[in-house]
Structure formats: structure tokens, C-alpha cells
Amino acid sequence: MSERTDYRQTVRRVLVITLVLNLLVVMIKAVVGVWTGSLSLLADALHSVTDSANNVLGLITNQLASPQPDRDHPYGHQKFEAVGALGVAAFLGIACFEILKGAVDRILFGGEPITLTAIALWLMLIVLGVNIFVAFYERRIGLQLGSQILLADAHHTMSDIWITITVLAALIGVWQGLQWLDIVLAFPVALLVLRSGWVVLSANLPWLVDEMAIAPEAIHAKVMQVPGVLNCHNIASRGLLGRQVFIDMHLIVEPKDVETAHNITEKVEAHLEEEYGPARITIHVEPPAYRSGEISY
């Protein structure tokens, strides 16, 4: 198996940069929200608090997610990143609940009218620009490194962009005398937060529950291309394609001596790694006379 590159230092640097920017965003939104009394803006500030919490969570899980196995974790530590991404989804769920609760309370019990100035709108435009930079910066580095925690946080920040745009629309409406618009637009903000949580959840659960990573038919087709292979069956795979996958299979080869059979298994492993990236492959070699029509379990 080829050794995985440890990219954690780069991920940590990205998370620290975005943490500083997210704290700046939280401060601006909170100040403007208290200043204007906008429910949707205060909810947006709450959502941005989860951005900062996600960065801290990401720094912790990134420290734990060593790409190299050890005695206690012989299959590596990569799932720590998936656990961190699920934490992101949990924070999103909390933010969604708080937004809806605040909107319902305002409808039932009312509140102070919103006061707005041009300065508040300009500050929100600055916040929007920072959010756009953070989202695309994290997504670009996350795709380069295959980091699930960066991609999950980029999804979260992308939802923050749409929420900020929605809040800006509400503030502009309030500026034009439509006080009710602030409450009405708080609900789509909650739906956007909920959707982001689902995206993060659906991307990481398959990894944690060991869902099939590669179709066994695809692995079978690749293995059968290696000279000397007669049959390949009982194929199973798990992991995350592009990061690290675990592949198990039974193999039947033409040679009867152990050394030549071993050389063929080495070629099979190299062939699969070339196609699917980092992989830990376990191959059980069976006698040439054995036959099986079952490709997978």
C-alpha cells in the first residue's frame, strides 16, 4: 500500500485563517443585530457562531485524524474527520431550531420595531464578501486535499452566504417600511440551514457505516485484466474513494508456486491503487481448481 500524505498541517492553517474571519463575521453581525433589533440578523449571527465552533471542532478532529495507523488504530484514524463533519451537522441542527424558535416567539409575542441605517447595510455587505471568500477558499483547498472537514465547513459557510443574502433582503425591505419581512424571511433561513446539515450528514454517514466504496463488478473487471489471474470473487470494499479504501477479495491464479502467486497479487494491488488511489488490499489466494460464481457477498 502506498503511504498517504499527511496534509493535516495545511488543513490546520486553513481552519485557523477561517476561524479568525468567522469570528470577525460573528462580531459584526451581533453588533448590527443588537443595533437594529433584526430577528433574522440575530439568527444569522447565531448561525455564524456555529461556523466558528465548526472551525474549533475541525482543529481538534484534524489533530486526531492521523493518516498513519498505530497499535490502537491499525486501520488508521481517518474516521475522526467524518465524526467532526457530523458535529458540523449537529451544530446546523441547533442553529435551525434557534432560528425557528425566535421567529415563532416574535409572531406570538411581538417585539420592538427594527431601526436601520445605511451603515448597517454596508457592514452586512462586508460580511457577505468575507463569507464568499471563506467558502470558496475552504472548498478549493478541501478538494485539493480530499479533506472532509474542510468540505463540510465550506458547505456550512455556503449556507451562511445564502442566509446573509436573505437577511440583506429582509433589511432592505424593513428600510422600505416592511417590518414583517424580517420575520417572514427567518423561515427560509432555517430551511437553508437544515439543507446544509443534510448535505453534510449524507456525505459522511456512508463512510462511518462502512457502505460499499467501489462496485464489486468494477473491481472484478480491473483484477481480471492482470495476467495470470483466473478468477476473482468474494469482493468487498469500504472507505472513502480518493482518500483510502479497504478492499478484500479471494483470488485464483494460474501459477501453483507461492512466490509467483505472490507476485501476481502484488500486481493486482498496484493495478487497483493506480485506478482507485490509496488502498489497503487483503487478498486470499485459493487453489487453481477452486471455482466460484459469486463476485461479491
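Guide: To begin with a term, buried means under 20% relative accessible area, exposed means over 50%, and partly exposed lies in between (1.4 Å probe, protein chains only). This is a predicted model, in which local features need pLDDT of at least 70 and side-chain atom pairs count only at pLDDT 80 or more, while totals for chains, interfaces and linings use all residues. Residues are numbered from 1 along each chain as its sequence is written, and side-chain values use heavy atoms, with hydrogens and water left out.

Visitor: How many salt bridges are there?
Guide: The count comes to two, a salt bridge being a side-chain nitrogen of Lys or Arg within 4 Å of a carboxyl oxygen of Asp or Glu. In one, Asp210 pairs with Arg238, the closest N and O atoms being 3.9 Å apart. Asp210 sits in the loop between helix 7 and helix 8, and Arg238 in strand 1, 28 residues apart. Helices (H or I, at least four residues) and strands (E, at least two) are DSSP runs, numbered from the N terminus.

Visitor: Is Arg238 buried or partly exposed?
Guide: Arg238 counts as partly exposed, at 23% relative accessibility. Asp210 is also partly exposed, at 36%.

Visitor: Which ring does Arg238 lie over?
Guide: Arg238 lies over the face of Phe246, at 4.4 Å from the ring centre. The criterion is NZ of Lys or CZ of Arg within 6 Å of the ring centre and within 35 degrees of the ring normal.

Visitor: And what does Lys222 pair with?
Guide: Lys222 forms a salt bridge with Glu275, with the closest N and O atoms 3.2 Å apart. Lys222 belongs to helix 8 and Glu275 to helix 9, so the pair ties together parts that are 53 residues apart in sequence.

Visitor: Which residues of helix 8 are buried?
Guide: In helix 8 (residues 216-223), they are Pro216, Ile219, Lys222 and Val223. Seen down the helix axis, these buried residues fall within an arc of 125°, so they line one face of helix 8; the arc is that of the directions from the axis to the C-beta atoms.

Visitor: New topic: which residues have the most contacts inside the largest nonpolar core?
Guide: They are Ile99, Leu150 and Val193, in a core of 40 residues. Such a core is a set of buried Ala, Val, Leu, Ile, Met, Phe, Trp, Tyr and Cys residues joined through side-chain atoms within 4.5 Å. Helix 4 gives the most to this core, with ten residues.
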